[in-house]
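Please have the sequence and the 3D view at hand as you read.

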Amino acid sequence: QASPPEEKTKTLDKAGVLHRTKTADKGKRLRKKHWSASWTVLEGGVLTFFKDSKTSAAGGLRQPSKFSTPEYTVELRGASLSWAPKDKSSKKNVLELRSRDGSEYLIQHDSEAIISTWHKAIAQGIQELSAE
Ligand code: I3S
């Protein structure tokens, strides 16, 4: 008997508003941090940060392409994720995501519960891609 399509979705897809800033671009450290709140979608092994936080509900988990433009997309294959060391930011609950091509992002939410679910989902996404 065939499984329902839902069961084929391995990555724990997720969407919500997070604070984020890019800190390195393909190995080159960026001089200044620019934190912003952005609608963030984890889907199909890709993490997408949209330019703003206002277009959230429009497309559910999907990209609300008519209303919003992705600012950064991060391929989780070959990426690594850790809690950011204190010297990277004075904020609490900060994750550091490094992509395979050497770009780095800080991801933050004031709620420990919310950032923890993102940590789990992104880490799981990375792990599943490396196991393929
Ligand atoms: O690493 P820094 O320079 O302490 O990062 C802070 C700056 O990006 C700051 O911008 P201005 O220099 O324009 O004020 C941000 O407002 C701060 O949020 C940054 O520090 P935190 O510790 O919040 O990441």
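How far is an oxygen atom of the ligand from an N or O atom in the side chain of lysine 33? The distance is 2.6 Å.

## About the model

This is a predicted model, in which local features need pLDDT of at least 70, side-chain atom pairs count only at pLDDT 80 or more, and totals for chains, interfaces and linings use all residues. Residues are numbered from 1 along each chain as its sequence is written, and side-chain values use heavy atoms, with hydrogens and water left out.

## Around the ligand

Let's stay with the ligand for a moment. An N or O atom in the side chain of tryptophan 35 is 2.8 Å from a ligand oxygen, and for lysine 91 the corresponding distance is 3.1 Å. On its own the ligand has 510 Å² of accessible area, and the protein covers 45% of that (areas by the Shrake-Rupley method with a 1.4 Å probe; for residues, only the protein chains shown count as cover).

The residues surrounding the ligand are Lys32, Lys33, Trp35, Ser89, Ser90 and Lys91, where a residue belongs if one of its heavy atoms lies within 4 Å of the ligand. This shell divides into three charged residues, two polar and one nonpolar. In this grouping, Asp, Glu, Lys and Arg are charged; Ala, Val, Leu, Ile, Met, Phe, Trp, Tyr, Cys and Pro are nonpolar; and the others, Gly among them, are polar.

## The fold

The chain contains eight strands and one helix, and along the sequence they follow the pattern β-β-β-β-β-β-β-β-α. Both kinds of element are DSSP runs numbered from the N terminus: helices are H or I with at least four residues, strands are E with at least two.

Of the chain's 132 residues, 37% count as buried. Buried means under 20% relative accessible area, exposed over 50%, and partly exposed in between, with a 1.4 Å probe and protein chains only.

## Salt bridges

How many salt bridges does the structure hold? There are six, each being a side-chain nitrogen of Lys or Arg within 4 Å of a carboxyl oxygen of Asp or Glu. As a general point, side chains of opposite charge can pair when their charged atoms come close.

Glutamate 104 forms a salt bridge with arginine 29, with the closest N and O atoms 2.9 Å apart. This pair links distant parts of the chain, 75 residues apart: glutamate 104 lies in strand S8 (residues 104–108) and arginine 29 in strand S2 (residues 28–29). Glutamate 104 is buried at 8% relative accessible area, while arginine 29 is partly exposed at 47%. Glutamate 104 also forms a salt bridge with arginine 98, at 3.3 Å between the closest N and O atoms; arginine 98 is partly exposed at 33%.

Glutamate 96 meets lysine 88 in a salt bridge of 2.5 Å, N to O. Here glutamate 96 is buried at 2% and lysine 88 is partly exposed at 22%. A network of salt bridges links Arg29, Lys88, Glu96, Arg98 and Glu104.

## A buried lysine

Lysine 14 sits in strand S1 (residues 14–25). Lysine 14 is buried but has no salt bridge, and the nearest side chain of opposite charge, aspartate 13, is 11 Å away. For these charges, Lys and Arg count as positive and Asp and Glu as negative, with His and the chain ends not counted.

What joins the side chains of lysine 14 and threonine 117? A polar contact of 3.3 Å does. Such a contact is a pair of N or O atoms within 3.5 Å; within protein, one must be able to donate a hydrogen and the other to accept it, and residues adjacent in sequence count only if both atoms are side-chain atoms.
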